[in-house]
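I am opening a notebook on this structure. My entries follow what I looked up, one topic at a time.

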Amino acid sequence: MRLLIFFICTWMLGFPTHQKAGAQSRISNMRTEYFAEPLGLDTQSPRFTWEMESPRKGFLQESFRLMVASSPELLEKGAPDIWTSGKVKSTDNRSFLKTDGILKPHSRYFWRVEVWEKSGKKTLSPVASFETAKLNPLDWSGKWISDNFNQEFRKSPMFRKGFVIGKEIKQARAYVCGLGYTILFINGKKVGDHWLDPGYTHFDKRVLYATYDITAQLRAGDNAVAAVLGNGWYNIQSLAVWGFHNSRWRDRPRILCEIRIVYADGSVEVIATDDSWKTNTGPYLFNNLYSGDVYDARLEKPGWNDIGYDDRNWTSASLVDSPAPRIASQQMPPIRITEEVKPVSMKSFPDNIHVFSFDKNMAGVCRLRVKGEKGTRIEIRHGELLHPDGRLNQGNIDVYFQREKNGMPWHQDPAETFQTDVYYMKGDGTFEEFTPSFTYHGFQYVEIQSSKPDRKSTRLNSSHVSQ
(Lines give C-alpha, C1' and ligand atoms only; values in the text may rest on other atoms or scores of the structure.)
Protein backbone atom coordinates (compact mmCIF):
# COMPACT_ATOMS: atom_id res chain seq x y z
CA MET A 1 0.00 0.00 0.00
CA ARG A 2 1.25 3.49 -0.76
CA LEU A 3 0.88 7.12 0.13
CA LEU A 4 0.53 9.13 -3.05
CA ILE A 5 2.12 12.55 -3.02
CA PHE A 6 1.40 15.39 -5.38
CA PHE A 7 2.82 18.84 -4.93
CA ILE A 8 1.84 22.22 -6.26
CA CYS A 9 4.15 25.23 -6.43
CA THR A 10 3.15 28.83 -6.97
CA TRP A 11 5.84 31.12 -8.42
CA MET A 12 5.37 34.72 -7.30
CA LEU A 13 7.35 36.49 -10.03
CA GLY A 14 5.55 39.80 -9.72
CA PHE A 15 5.15 40.07 -5.96
CA PRO A 16 3.64 43.37 -4.74
CA THR A 17 6.22 46.09 -4.06
CA HIS A 18 4.77 46.78 -0.63
CA GLN A 19 5.82 43.30 0.55
CA LYS A 20 8.37 43.66 3.32
CA ALA A 21 11.93 42.79 2.45
CA GLY A 22 12.91 39.51 4.02
CA ALA A 23 9.33 38.25 4.25
CA GLN A 24 9.15 34.49 4.54
CA SER A 25 7.87 31.93 2.08
CA ARG A 26 4.62 30.32 3.10
CA ILE A 27 2.94 26.96 2.52
CA SER A 28 -0.85 27.13 2.26
CA ASN A 29 -3.98 25.41 0.92
CA MET A 30 -2.91 22.03 2.30
CA ARG A 31 -5.29 19.32 1.12
CA THR A 32 -5.67 15.56 1.36
CA GLU A 33 -7.58 13.98 -1.53
CA TYR A 34 -8.35 17.56 -2.62
CA PHE A 35 -10.11 18.41 0.69
CA ALA A 36 -9.03 20.52 3.64
CA GLU A 37 -9.18 18.54 6.92
CA PRO A 38 -11.36 15.78 5.42
CA LEU A 39 -13.34 13.14 7.27
CA GLY A 40 -14.15 9.75 5.80
CA LEU A 41 -11.23 8.91 3.52
CA ASP A 42 -11.18 5.27 2.45
CA THR A 43 -7.87 4.96 0.62
CA GLN A 44 -4.50 3.71 1.82
CA SER A 45 -2.85 6.01 -0.72
CA PRO A 46 -4.18 9.52 -0.11
CA ARG A 47 -2.98 12.35 -2.32
CA PHE A 48 -1.43 15.38 -0.60
CA THR A 49 -1.23 18.79 -2.25
CA TRP A 50 -0.04 22.20 -1.13
CA GLU A 51 0.73 25.62 -2.51
CA MET A 52 3.83 27.76 -2.04
CA GLU A 53 3.88 31.54 -1.83
CA SER A 54 7.16 33.45 -1.83
CA PRO A 55 8.12 37.14 -2.03
CA ARG A 56 11.34 36.25 -3.84
CA LYS A 57 11.49 36.59 -7.59
CA GLY A 58 12.26 33.34 -9.37
CA PHE A 59 11.29 31.15 -6.40
CA LEU A 60 11.29 27.43 -7.15
CA GLN A 61 10.61 24.41 -4.95
CA GLU A 62 13.54 22.04 -5.43
CA SER A 63 12.71 19.26 -2.95
CA PHE A 64 10.33 18.38 -0.13
CA ARG A 65 9.77 16.00 2.78
CA LEU A 66 6.28 14.95 3.84
CA MET A 67 5.62 13.59 7.35
CA VAL A 68 2.56 11.82 8.79
CA ALA A 69 2.03 11.28 12.52
CA SER A 70 -0.61 10.17 14.98
CA SER A 71 -0.49 13.50 16.84
CA PRO A 72 0.42 17.11 16.02
CA GLU A 73 2.88 17.12 18.93
CA LEU A 74 5.04 14.50 17.23
CA LEU A 75 5.19 16.64 14.11
CA GLU A 76 6.17 19.67 16.16
CA LYS A 77 9.05 17.62 17.53
CA GLY A 78 10.03 16.46 14.04
CA ALA A 79 9.43 12.83 15.03
CA PRO A 80 6.64 11.43 12.79
CA ASP A 81 5.64 7.96 13.99
CA ILE A 82 3.49 6.91 11.02
CA TRP A 83 5.42 7.70 7.86
CA THR A 84 7.93 10.03 6.20
CA SER A 85 8.83 10.36 2.56
CA GLY A 86 12.41 11.34 3.18
CA LYS A 87 13.83 14.21 1.20
CA VAL A 88 12.53 13.93 -2.37
CA LYS A 89 13.56 15.96 -5.40
CA SER A 90 10.61 17.80 -6.92
CA THR A 91 11.75 16.60 -10.34
CA ASP A 92 11.71 12.97 -9.22
CA ASN A 93 9.47 10.96 -11.54
CA ARG A 94 8.35 8.62 -8.76
CA SER A 95 4.72 9.56 -8.14
CA PHE A 96 4.20 6.86 -5.53
CA LEU A 97 6.21 6.43 -2.36
CA LYS A 98 5.81 2.94 -0.94
CA THR A 99 4.43 2.21 2.51
CA ASP A 100 3.01 -0.95 4.07
CA GLY A 101 -0.70 -0.40 4.67
CA ILE A 102 0.01 1.77 7.68
CA LEU A 103 -3.32 3.63 7.81
CA LYS A 104 -6.01 2.23 10.11
CA PRO A 105 -9.78 2.69 9.81
CA HIS A 106 -11.60 5.28 11.93
CA SER A 107 -8.33 7.09 12.71
CA ARG A 108 -7.19 10.69 12.56
CA TYR A 109 -3.75 11.52 11.19
CA PHE A 110 -1.70 14.69 11.05
CA TRP A 111 0.73 15.79 8.37
CA ARG A 112 3.06 18.58 7.37
CA VAL A 113 5.61 19.21 4.67
CA GLU A 114 9.08 20.76 4.52
CA VAL A 115 10.08 22.47 1.29
CA TRP A 116 13.60 23.40 0.18
CA GLU A 117 14.45 26.06 -2.35
CA LYS A 118 17.44 25.82 -4.65
CA SER A 119 19.32 28.15 -2.33
CA GLY A 120 18.89 25.65 0.48
CA LYS A 121 16.35 27.77 2.35
CA LYS A 122 13.74 25.60 4.07
CA THR A 123 10.05 26.36 4.72
CA LEU A 124 7.94 24.33 7.14
CA SER A 125 4.19 24.12 6.70
CA PRO A 126 1.48 24.26 9.38
CA VAL A 127 0.02 20.98 10.57
CA ALA A 128 -2.99 19.63 8.66
CA SER A 129 -5.07 16.52 9.29
CA PHE A 130 -7.27 13.88 7.71
CA GLU A 131 -9.43 11.07 9.05
CA THR A 132 -10.02 7.62 7.63
CA ALA A 133 -13.36 5.83 7.56
CA LYS A 134 -13.89 2.31 6.20
CA LEU A 135 -10.76 0.97 4.53
CA ASN A 136 -12.19 -2.46 3.65
CA PRO A 137 -15.59 -4.21 3.76
CA LEU A 138 -14.79 -5.93 7.06
CA ASP A 139 -14.77 -2.55 8.78
CA TRP A 140 -18.56 -2.45 8.48
CA SER A 141 -20.64 -4.01 11.26
CA GLY A 142 -23.98 -2.62 10.08
CA LYS A 143 -26.38 -4.55 7.84
CA TRP A 144 -28.52 -3.31 4.98
CA ILE A 145 -32.16 -2.92 5.99
CA SER A 146 -35.45 -1.97 4.33
CA ASP A 147 -39.14 -2.44 4.98
CA ASN A 148 -41.43 -5.14 3.59
CA PHE A 149 -42.65 -3.35 0.46
CA ASN A 150 -41.57 -3.75 -3.15
CA GLN A 151 -40.14 -1.23 -5.60
CA GLU A 152 -43.56 -0.04 -6.79
CA PHE A 153 -44.79 1.00 -3.34
CA ARG A 154 -44.98 4.78 -3.32
CA LYS A 155 -44.63 5.87 0.31
CA SER A 156 -41.15 6.57 1.67
CA PRO A 157 -39.75 4.25 4.35
CA MET A 158 -38.91 5.78 7.73
CA PHE A 159 -36.54 4.12 10.23
CA ARG A 160 -35.60 4.76 13.85
CA LYS A 161 -33.56 3.32 16.71
CA GLY A 162 -33.26 4.45 20.33
CA PHE A 163 -30.08 3.97 22.35
CA VAL A 164 -28.55 5.04 25.65
CA ILE A 165 -25.18 6.69 26.28
CA GLY A 166 -23.82 6.17 29.77
CA LYS A 167 -20.27 7.52 29.49
CA GLU A 168 -18.48 10.70 28.51
CA ILE A 169 -18.13 11.02 24.75
CA LYS A 170 -14.81 11.88 23.13
CA GLN A 171 -16.06 11.85 19.55
CA ALA A 172 -18.79 10.31 17.41
CA ARG A 173 -19.17 9.71 13.69
CA ALA A 174 -22.07 8.64 11.50
CA TYR A 175 -21.39 6.59 8.37
CA VAL A 176 -24.48 6.31 6.18
CA CYS A 177 -25.60 5.21 2.74
CA GLY A 178 -29.33 5.36 2.12
CA LEU A 179 -30.55 4.62 -1.40
CA GLY A 180 -31.81 6.35 -3.41
CA TYR A 181 -31.57 9.44 -1.14
CA THR A 182 -31.37 9.70 2.63
CA ILE A 183 -32.02 12.27 5.34
CA LEU A 184 -30.44 11.27 8.65
CA PHE A 185 -31.55 12.62 12.03
CA ILE A 186 -29.96 12.53 15.46
CA ASN A 187 -32.27 13.45 18.34
CA GLY A 188 -34.73 15.13 15.99
CA LYS A 189 -32.18 17.29 14.15
CA LYS A 190 -31.01 16.77 10.58
CA VAL A 191 -27.41 15.61 10.29
CA GLY A 192 -25.15 17.65 8.00
CA ASP A 193 -26.01 20.02 5.16
CA HIS A 194 -25.91 17.58 2.24
CA TRP A 195 -28.78 17.59 -0.23
CA LEU A 196 -29.85 14.65 -2.44
CA ASP A 197 -27.28 12.32 -0.90
CA PRO A 198 -25.62 10.01 -1.87
CA GLY A 199 -24.33 10.85 -5.33
CA TYR A 200 -25.29 8.98 -8.48
CA THR A 201 -23.42 5.78 -9.40
CA HIS A 202 -24.27 2.53 -11.17
CA PHE A 203 -25.90 1.28 -8.00
CA ASP A 204 -25.38 -2.41 -8.77
CA LYS A 205 -21.61 -1.83 -9.01
CA ARG A 206 -20.75 0.81 -6.42
CA VAL A 207 -22.62 2.91 -3.86
CA LEU A 208 -21.37 5.86 -1.83
CA TYR A 209 -21.52 6.57 1.89
CA ALA A 210 -21.08 9.89 3.69
CA THR A 211 -19.26 10.56 6.97
CA TYR A 212 -20.53 13.08 9.52
CA ASP A 213 -19.17 14.40 12.80
CA ILE A 214 -22.12 14.04 15.18
CA THR A 215 -20.25 14.52 18.47
CA ALA A 216 -22.20 17.67 19.35
CA GLN A 217 -25.58 16.11 18.55
CA LEU A 218 -25.34 13.24 21.03
CA ARG A 219 -26.00 13.58 24.75
CA ALA A 220 -25.72 11.59 27.94
CA GLY A 221 -28.70 9.30 28.50
CA ASP A 222 -31.37 8.61 25.88
CA ASN A 223 -30.66 9.24 22.19
CA ALA A 224 -32.36 8.43 18.90
CA VAL A 225 -31.16 7.96 15.33
CA ALA A 226 -33.67 8.08 12.47
CA ALA A 227 -33.77 8.28 8.68
CA VAL A 228 -36.24 8.74 5.85
CA LEU A 229 -35.40 7.51 2.35
CA GLY A 230 -36.30 8.75 -1.10
CA ASN A 231 -36.22 6.98 -4.44
CA GLY A 232 -33.62 9.13 -6.22
CA TRP A 233 -32.05 7.53 -9.29
CA TYR A 234 -32.09 4.16 -7.50
CA ASN A 235 -35.84 3.59 -7.87
CA ILE A 236 -37.36 5.74 -10.61
CA GLN A 237 -41.03 4.71 -10.56
CA SER A 238 -42.35 7.04 -13.27
CA LEU A 239 -42.01 6.59 -17.01
CA ALA A 240 -39.91 8.98 -19.05
CA VAL A 241 -38.02 8.77 -22.31
CA TRP A 242 -34.71 8.16 -20.50
CA GLY A 243 -35.82 4.68 -19.40
CA PHE A 244 -34.58 4.75 -15.79
CA HIS A 245 -37.72 2.85 -14.73
CA ASN A 246 -36.05 -0.14 -16.44
CA SER A 247 -32.70 0.25 -14.64
CA ARG A 248 -31.12 -3.07 -13.77
CA TRP A 249 -30.52 -1.91 -10.17
CA ARG A 250 -34.10 -0.80 -9.40
CA ASP A 251 -35.28 -1.82 -5.95
CA ARG A 252 -37.04 -0.63 -2.83
CA PRO A 253 -35.01 2.03 -0.93
CA ARG A 254 -32.65 0.66 1.72
CA ILE A 255 -30.09 1.93 4.21
CA LEU A 256 -26.76 1.01 5.78
CA CYS A 257 -25.76 3.13 8.78
CA GLU A 258 -23.33 3.10 11.70
CA ILE A 259 -23.06 5.47 14.65
CA ARG A 260 -19.53 4.98 16.01
CA ILE A 261 -18.92 6.48 19.45
CA VAL A 262 -15.46 6.76 21.03
CA TYR A 263 -15.70 7.37 24.77
CA ALA A 264 -13.29 9.33 26.93
CA ASP A 265 -12.04 6.09 28.50
CA GLY A 266 -10.99 4.79 25.07
CA SER A 267 -13.80 2.28 24.63
CA VAL A 268 -15.88 2.19 21.43
CA GLU A 269 -19.58 1.54 20.87
CA VAL A 270 -21.28 1.09 17.50
CA ILE A 271 -25.02 1.50 16.92
CA ALA A 272 -25.57 -0.09 13.51
CA THR A 273 -28.51 -0.87 11.25
CA ASP A 274 -30.01 -4.32 11.83
CA ASP A 275 -33.46 -5.86 12.30
CA SER A 276 -33.81 -4.24 15.74
CA TRP A 277 -34.50 -0.93 13.99
CA LYS A 278 -38.17 -0.01 13.57
CA THR A 279 -39.82 1.10 10.32
CA ASN A 280 -43.05 2.76 9.22
CA THR A 281 -44.43 5.17 6.64
CA GLY A 282 -45.81 8.64 7.22
CA PRO A 283 -46.47 11.90 5.37
CA TYR A 284 -43.98 11.23 2.53
CA LEU A 285 -46.54 9.84 0.05
CA PHE A 286 -44.42 9.84 -3.11
CA ASN A 287 -41.24 11.26 -4.58
CA ASN A 288 -39.76 11.23 -8.03
CA LEU A 289 -37.00 13.20 -9.68
CA TYR A 290 -39.08 13.88 -12.79
CA SER A 291 -42.25 15.03 -11.07
CA GLY A 292 -41.57 15.91 -7.42
CA ASP A 293 -42.56 15.24 -3.82
CA VAL A 294 -46.05 14.59 -2.49
CA TYR A 295 -46.36 15.31 1.23
CA ASP A 296 -49.47 14.98 3.41
CA ALA A 297 -48.97 16.92 6.64
CA ARG A 298 -52.10 15.28 8.11
CA LEU A 299 -50.10 12.03 8.34
CA GLU A 300 -47.16 13.47 10.26
CA LYS A 301 -45.94 11.50 13.28
CA PRO A 302 -44.71 14.21 15.65
CA GLY A 303 -41.41 13.30 17.28
CA TRP A 304 -40.85 10.16 15.19
CA ASN A 305 -37.17 11.05 14.73
CA ASP A 306 -36.54 12.17 18.31
CA ILE A 307 -36.06 10.83 21.82
CA GLY A 308 -39.03 9.36 23.65
CA TYR A 309 -41.19 8.47 20.65
CA ASP A 310 -43.34 5.38 21.18
CA ASP A 311 -42.53 3.07 18.25
CA ARG A 312 -44.10 -0.09 19.65
CA ASN A 313 -46.63 -0.14 16.82
CA TRP A 314 -43.91 0.16 14.18
CA THR A 315 -42.68 -3.01 12.49
CA SER A 316 -39.16 -4.42 12.62
CA ALA A 317 -36.90 -3.59 9.70
CA SER A 318 -36.02 -6.39 7.29
CA LEU A 319 -32.48 -7.45 6.46
CA VAL A 320 -31.86 -7.13 2.72
CA ASP A 321 -29.03 -7.74 0.30
CA SER A 322 -26.37 -5.17 -0.39
CA PRO A 323 -27.19 -3.42 -3.68
CA ALA A 324 -23.56 -3.51 -4.85
CA PRO A 325 -20.32 -5.38 -4.21
CA ARG A 326 -18.50 -2.15 -3.36
CA ILE A 327 -19.37 0.65 -0.97
CA ALA A 328 -17.03 3.63 -1.20
CA SER A 329 -16.62 6.94 0.58
CA GLN A 330 -18.29 9.89 -1.15
CA GLN A 331 -15.10 11.88 -1.63
CA MET A 332 -16.52 14.77 -3.59
CA PRO A 333 -18.24 18.06 -2.75
CA PRO A 334 -21.88 17.35 -1.86
CA ILE A 335 -24.91 19.08 -3.31
CA ARG A 336 -25.81 21.92 -0.95
CA ILE A 337 -28.23 24.83 -0.80
CA THR A 338 -26.02 27.72 -1.90
CA GLU A 339 -28.47 30.59 -2.27
CA GLU A 340 -31.99 31.60 -1.29
CA VAL A 341 -33.87 33.67 -3.85
CA LYS A 342 -37.08 35.65 -3.48
CA PRO A 343 -39.54 36.09 -6.37
CA VAL A 344 -39.47 39.46 -8.10
CA SER A 345 -43.15 39.49 -9.07
CA MET A 346 -46.43 37.62 -8.68
CA LYS A 347 -49.56 37.48 -10.85
CA SER A 348 -52.87 36.05 -9.63
CA PHE A 349 -55.54 34.19 -11.58
CA PRO A 350 -58.96 33.96 -9.90
CA ASP A 351 -58.33 33.50 -6.19
CA ASN A 352 -56.54 30.15 -6.08
CA ILE A 353 -53.76 30.38 -8.72
CA HIS A 354 -50.62 32.49 -8.42
CA VAL A 355 -47.60 32.62 -10.73
CA PHE A 356 -44.32 33.72 -9.16
CA SER A 357 -41.44 34.97 -11.31
CA PHE A 358 -37.75 34.88 -10.35
CA ASP A 359 -34.95 36.93 -11.86
CA LYS A 360 -33.05 33.91 -13.24
CA ASN A 361 -33.39 30.31 -14.34
CA MET A 362 -32.01 27.96 -11.71
CA ALA A 363 -31.94 24.46 -10.29
CA GLY A 364 -33.46 24.07 -6.87
CA VAL A 365 -36.66 23.75 -4.86
CA CYS A 366 -39.19 26.10 -3.32
CA ARG A 367 -40.06 26.57 0.32
CA LEU A 368 -43.77 27.13 0.82
CA ARG A 369 -45.24 28.89 3.84
CA VAL A 370 -49.00 28.73 3.96
CA LYS A 371 -51.99 28.72 6.32
CA GLY A 372 -55.40 27.29 5.55
CA GLU A 373 -57.99 24.57 6.05
CA LYS A 374 -57.17 20.97 6.79
CA GLY A 375 -56.80 18.84 3.66
CA THR A 376 -56.27 21.78 1.29
CA ARG A 377 -54.21 20.58 -1.66
CA ILE A 378 -51.41 22.92 -2.76
CA GLU A 379 -49.84 22.16 -6.13
CA ILE A 380 -46.46 23.76 -6.87
CA ARG A 381 -45.56 23.55 -10.57
CA HIS A 382 -42.17 24.63 -11.95
CA GLY A 383 -41.15 25.68 -15.44
CA GLU A 384 -38.99 27.85 -17.67
CA LEU A 385 -41.65 29.48 -19.86
CA LEU A 386 -44.93 31.37 -19.57
CA HIS A 387 -47.98 31.37 -21.81
CA PRO A 388 -48.99 34.74 -23.30
CA ASP A 389 -51.59 35.16 -20.53
CA GLY A 390 -48.91 34.71 -17.84
CA ARG A 391 -49.77 31.15 -16.81
CA LEU A 392 -46.97 28.57 -16.52
CA ASN A 393 -45.97 26.76 -19.71
CA GLN A 394 -44.31 23.35 -19.24
CA GLY A 395 -44.51 22.43 -22.91
CA ASN A 396 -40.75 22.38 -23.41
CA ILE A 397 -40.14 19.86 -20.61
CA ASP A 398 -43.13 17.62 -19.88
CA VAL A 399 -42.95 16.09 -23.37
CA TYR A 400 -40.32 13.76 -21.93
CA PHE A 401 -42.72 12.41 -19.29
CA GLN A 402 -45.04 9.43 -19.90
CA ARG A 403 -48.29 8.81 -18.08
CA GLU A 404 -49.26 5.45 -19.56
CA LYS A 405 -47.75 1.99 -19.72
CA ASN A 406 -49.09 -0.42 -22.35
CA GLY A 407 -52.03 1.91 -22.86
CA MET A 408 -53.01 1.92 -19.18
CA PRO A 409 -52.64 4.74 -16.59
CA TRP A 410 -49.33 4.40 -14.75
CA HIS A 411 -49.38 4.54 -10.94
CA GLN A 412 -52.29 5.26 -8.64
CA ASP A 413 -52.24 8.93 -9.64
CA PRO A 414 -52.50 9.32 -13.44
CA ALA A 415 -52.48 13.12 -12.93
CA GLU A 416 -48.83 13.08 -11.83
CA THR A 417 -47.26 16.17 -13.41
CA PHE A 418 -43.71 16.93 -14.47
CA GLN A 419 -41.76 19.15 -12.02
CA THR A 420 -44.66 19.42 -9.58
CA ASP A 421 -44.69 19.14 -5.78
CA VAL A 422 -47.91 18.60 -3.86
CA TYR A 423 -48.62 19.51 -0.24
CA TYR A 424 -51.73 18.62 1.78
CA MET A 425 -52.28 20.94 4.72
CA LYS A 426 -52.81 19.75 8.26
CA GLY A 427 -54.83 22.90 8.98
CA ASP A 428 -53.99 23.44 12.65
CA GLY A 429 -54.44 27.20 12.43
CA THR A 430 -50.74 28.04 12.20
CA PHE A 431 -48.48 28.78 9.25
CA GLU A 432 -47.13 25.55 7.79
CA GLU A 433 -43.80 25.25 5.97
CA PHE A 434 -42.95 22.71 3.30
CA THR A 435 -39.73 22.12 1.38
CA PRO A 436 -39.42 19.06 -0.89
CA SER A 437 -36.85 16.58 0.35
CA PHE A 438 -36.09 14.23 -2.54
CA THR A 439 -36.27 16.18 -5.77
CA TYR A 440 -35.07 19.28 -7.58
CA HIS A 441 -36.42 21.32 -10.47
CA GLY A 442 -35.15 23.56 -13.25
CA PHE A 443 -37.23 26.73 -13.36
CA GLN A 444 -37.66 30.48 -13.42
CA TYR A 445 -41.42 30.50 -12.88
CA VAL A 446 -43.56 28.76 -10.27
CA GLU A 447 -47.33 28.33 -10.43
CA ILE A 448 -49.13 27.57 -7.19
CA GLN A 449 -52.68 26.32 -7.29
CA SER A 450 -54.81 25.70 -4.21
CA SER A 451 -57.83 23.41 -4.07
CA LYS A 452 -59.58 26.08 -1.99
CA PRO A 453 -59.69 29.87 -2.36
CA ASP A 454 -56.54 31.61 -1.20
CA ARG A 455 -56.90 34.19 1.56
CA LYS A 456 -53.55 35.83 0.82
CA SER A 457 -51.69 33.60 3.26
CA THR A 458 -49.19 32.04 0.89
CA ARG A 459 -45.47 32.87 0.85
CA LEU A 460 -42.84 31.41 -1.47
CA ASN A 461 -39.05 31.41 -1.49
CA SER A 462 -36.72 29.44 -3.71
CA SER A 463 -33.55 27.66 -2.60
CA HIS A 464 -30.87 27.28 -5.26
CA VAL A 465 -29.05 23.97 -4.90
CA SER A 466 -25.73 23.20 -6.52
CA GLN A 467 -22.74 20.94 -6.26
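Before the first entry, I note a term: a polar contact is a pair of N or O atoms within 3.5 Å, where, within protein, one must be able to donate a hydrogen and the other to accept it. I also note that this is a predicted model.

**Entry 1: tyrosine 263**

I looked up tyrosine 263 and found it in strand β19. Is tyrosine 263 buried or exposed? Its relative accessibility is 3%, so it counts as buried, the cut-off being under 20%. I then checked its side chain: a polar contact of 2.5 Å joins it to the side chain of glutamate 269. Next I listed contacts, leaving aside neighbours within four places in sequence. Tyrosine 263 touches Ile165, Lys167, Glu168, Ile169, Lys170 and Glu269. I followed up lysine 167. It lies 96 residues from tyrosine 263 in sequence, yet the C-alpha atoms are 6.6 Å apart in space.

**Entry 2: tryptophan 242**

I found tryptophan 242 in the loop between β18 (239–240) and β19 (254–263). Tryptophan 242 has a relative accessible area of 45%. I record it as partly exposed, because that term covers values between 20% and 50%. Val241, Trp242, Val399 and Tyr400 make a nonpolar surface patch of about 400 Å².

**Entry 3: a sheet**

I traced an open sheet of six strands, in the order β15-β14-β17-β12-β21-β24, with antiparallel pairing. Which strands stand at the edges? They are β15 (189–190) and β24 (315–316). Each has a single partner strand, so one side of each lacks a neighbour in the sheet.

Conventions
Residues are numbered from 1 along each chain as its sequence is written. This is a predicted model: local features need pLDDT of at least 70, side-chain atom pairs count only at pLDDT 80 or more; totals for chains, interfaces and linings use all residues. Side-chain values use heavy atoms; hydrogens and water are left out. Patches are made of residues with over 30% relative accessible area and no salt bridge: like charges are joined within 9 Å, nonpolar side chains (Val, Leu, Ile, Met, Phe, Trp, Tyr) within 5 Å. Accessible areas come from the Shrake-Rupley method with a 1.4 Å probe; for residues, only the protein chains shown count as cover. A salt bridge is a side-chain nitrogen of Lys or Arg within 4 Å of a carboxyl oxygen of Asp or Glu. Helices (H or I, at least four residues) and strands (E, at least two) are DSSP runs, numbered from the N terminus. Buried means under 20% relative accessible area, exposed over 50%, partly exposed in between (1.4 Å probe, protein chains only). Two strands pair if DSSP finds at least two bridges between them. Contact means heavy atoms within 4.5 Å.
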